[in-house]
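This briefing covers a predicted model.

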Amino acid sequence: MRVLFVDDNAMNRKVVQGMLGAADVSMVDAESAEIGLELIAADHFDLILMDLRMPGMDGLAAIRAIRARDDAKARLPIIVVTADNAPDIRSRALAAGADDLLHKPVQM
């Protein structure tokens, strides 16, 4: 399994990479939504983990851009990984096209 994790925080990427590596899952990381979209266009992934709050394009806009694609990549499973605890964050993420949401800190 190949996972793309999009998060602007290097420590978050390192922690998740360690967890996924322990589960024998291959992870590619991107430090911005823009880089994440470029990687999706150029490579194959089985799952996308997407942070919401990033400089430049935020995670919700990136999810909408993925869902707007006209190929099979538009249907990639996307799980939001966020520290945002706003009461409506889950409904906003799902409305943008996310499949599920996990709150940070993520546990194995």
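**Nonpolar cores**

The largest nonpolar core holds 22 residues, and I48, M50, I63 and V80 have the most contacts inside it. At least two residues of this core come from each of strand 1 (2–6), helix 2 (33–42), strand 3 (47–50), helix 3, strand 4 (78–82) and helix 4.

- Helix 3 gives this core its largest share, four residues.
- Setting aside neighbours within four places in sequence, V80 contacts M50, L52, I63, A93, A98, D100, L101 and L102.
- Nine residues form a second, separate core, among them V3, V16, L47 and L49.

**Packing of helix 3 and helix 4**

- Helix 3 (residues 59–67) packs with helix 4 (residues 89–96) at an angle of about 25°, and their axes are 8 Å apart.
- Helix 3 is therefore roughly parallel to helix 4, because angles under 35 degrees count as roughly parallel.
- On helix 3 the contact involves L60, I63, R64 and R67, and on helix 4 it involves R92, A93 and A96.
- By class, the residues of this contact are four nonpolar, three charged and no polar.
- I63 of helix 3 takes part in the contact with helix 4 and is also among the residues with the most contacts inside the largest core.
- A93 of helix 4 belongs to the helix contact and is one of the residues in contact with V80.

**Residue N9**

- N9 lies in the loop between strand 1 and helix 1 (10–22).
- Its relative accessible area is 33%, so N9 is partly exposed.
- From C-alpha to C-alpha, N9 and D24 are 22 Å apart in space, with a separation of 15 residues in sequence.

Methods: Residues are numbered from 1 along each chain as its sequence is written. This is a predicted model: local features need pLDDT of at least 70, side-chain atom pairs count only at pLDDT 80 or more; totals for chains, interfaces and linings use all residues. Side-chain values use heavy atoms; hydrogens and water are left out. Axes are lines fitted to C-alpha atoms, for helices over the stretch in contact, and angles run from 0 to 180 degrees between N-to-C directions. Angles under 35 degrees count as roughly parallel, over 145 as roughly antiparallel, 65 to 115 as roughly perpendicular and the rest as oblique. Contact means heavy atoms within 4.5 Å. Ala, Val, Leu, Ile, Met, Phe, Trp, Tyr, Cys and Pro count as nonpolar, Asp, Glu, Lys and Arg as charged, and the others, Gly among them, as polar. A nonpolar core is a set of buried Ala, Val, Leu, Ile, Met, Phe, Trp, Tyr and Cys residues joined through side-chain atoms within 4.5 Å. Buried means under 20% relative accessible area, exposed over 50%, partly exposed in between (1.4 Å probe, protein chains only).
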